[in-house]
Amino acid sequence: MQTINLTSVLPQVFQQSKDLKSEIWKQNVKFERGHLYLVEAESGKGKSTFCSYIVGYRHDYSGTVMFDDRDTKTFKVKDWVEMRQQHISHLFQELRLFPELTAWENVQIKNKLTNFKDDATIRQWFDMLGIGDKLDAKIGRMSFGQQQRVAMIRALVQPFDFLLADEPISHLDDNNSRIMADIMMTEAKAQGAGVVVTSIGKHMDLNYEKTLLL
Ligand SMILES: Nc1ncnc2c1ncn2[C@@H]1O[C@H](COP(=O)(O)OP(=O)(O)OP(=O)(O)O)[C@@H](O)[C@H]1O
């Protein structure tokens, strides 16, 4: 997939808003593979909603979301499954890890779908992010910031044309944010992928090519 195109997309929840000013909602916006975008917004403006539309978890909008020349409203479940396994990776703001599984198991459950990364690479990422001693820790017993790092690793153990990172560093210190940004961008470059980062203020320090206000 080369492009994601949003045309006149408006969430139902904002349908009655008279003073909606947005560079995404009700606009024509194109995200291209190989490019880096920042979507900035205040709380409640719809960052998570925007991500949900692109990964197909929600469809409560008017307008169209196109992947290349395919209207995603025509997608069947199997199309979304393929998209999420092979083309779009999503780091959820609320992470959506399995609390009863260990950090390692949470990553492997995703990695096993495509066997995309070897164990050594995954271990190295845990070490780089300062959670090398947490491989066997249950997610439910890790801090949110530690879980955020596990969720990023999980987002990277699959092929993708686009990576959507919804507030990826909300609970990270500057050092870990930098390391995570480096790992994420190295992976995205290796895959020639586009990256869309959303932020409520504190954002990854990256050379964004385009910033859009939601
Ligand atoms: N599943 C849903 N169905 C319908 N409306 C929703 C749903 N989730 C959120 N909303 C509404 O959509 C609007 C945007 O919510 P969303 O969670 O996308 O905002 P956000 O920008 O990600 O906020 P925050 O930064 O506070 O997490 C809010 O008015 C919210 O009440």
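Phe-14 touches Leu-20 and Trp-25, residues up to four places away in sequence not being counted; two residues are in contact if their C-beta atoms, placed from the backbone, lie within 7 Å. Phe-14 lies in the loop between β1 (3-11) and β2 (28-32). Helices (H or I, at least four residues) and strands (E, at least two) are DSSP runs, numbered from the N terminus. With 15 other C-beta atoms within 10 Å, Phe-14 is partly exposed. A residue is buried if 20 or more other C-beta atoms lie within 10 Å of its own, exposed if 12 or fewer, and partly exposed in between, with C-beta atoms placed from the backbone. Val-65 is 51 residues from Phe-14 along the chain, and the C-alpha atoms of the two are separated by 17 Å.

The structure is a predicted model, in which local features need pLDDT of at least 70 and side-chain atom pairs count only at pLDDT 80 or more, while totals for chains, interfaces and linings use all residues. Residues are numbered from 1 along each chain as its sequence is written.

The protein chain has six helices and nine strands. Its radius of gyration is 17 Å, close to the 17 Å that the globule rule gives for 214 residues, so the protein chain is as compact as a globular protein of that length. The radius of gyration is taken over C-alpha atoms, and the globule rule is 2.2 Å times the number of residues to the power 0.38. Along the principal axes, the C-alpha atoms of the protein chain fill a box of roughly 50 × 35 × 30 Å. Of the 214 residues in the protein chain, 36% are buried. Among contacts in the protein chain with a separation of 6 or more, 80% are between residues 24 or more positions apart.

Two strands pair if DSSP finds at least two bridges between them. β1 and β2 run antiparallel and are joined by five bridges. Asn-5 has Lys-30 in β2 as its bridge partner.

Another open sheet is formed by five strands in the order β6-β7-β8-β3-β9, and here the pairing is parallel. The edge strands of this sheet are β6 (88-91) and β9 (210-213), each pairing on one side only. From one strand to the next, the twist averages 15°. Four bridges link β6 to strand β7 (residues 162-166) in the parallel sense, and Ile-88 stands opposite Phe-162 in β7. Helix α5 (residues 144-156) packs on the sheet and touches β6 and β7, and its direction makes about 175° with that of β6. Axes are lines fitted to C-alpha atoms, for helices over the stretch in contact, and angles run from 0 to 180 degrees between N-to-C directions.

β7 and β8 run parallel and are joined by five bridges, with Val-197 in β8 as the bridge partner of Ala-165. Strand β8 (residues 194-199) also pairs with strand β3 (residues 36-40), in the parallel sense over five bridges. Across this pairing, Leu-36 stands opposite Val-195, and Tyr-37 has Val-196 as its bridge partner. Tyr-37 also stands opposite Lys-210 in β9, and β3 and β9 pair in the parallel sense over four bridges. Six of the six residues of β8 are buried, so β8 is largely enclosed by the rest of the structure. Gly-194, Val-196 and Thr-198 point one way from β8, and Val-195, Val-197 and Ser-199 point the other way.

Most residues other than glycine have a negative phi. Arg-96, in the loop between β6 and α3 (103-114), has a positive phi of about 60° although it is not a glycine. Arg-96 counts as exposed, with 11 C-beta neighbours inside 10 Å. Glu-167, in the loop between β7 and α6 (174-191), has a positive phi of about 50° and is likewise not a glycine. Glu-167 is buried, with 22 other C-beta atoms within 10 Å.

The ligand has 13 residues around it, of which Ser-43, Gly-46, Lys-47, Ser-48 and Thr-49 come nearest. A residue is near a molecule or strand if its C-beta atom, placed from the backbone, lies within 6 Å of it. The shell around the ligand divides into three nonpolar, six polar and four charged residues. Ala, Val, Leu, Ile, Met, Phe, Trp, Tyr, Cys and Pro count as nonpolar, Asp, Glu, Lys and Arg as charged, and the others, Gly among them, as polar.
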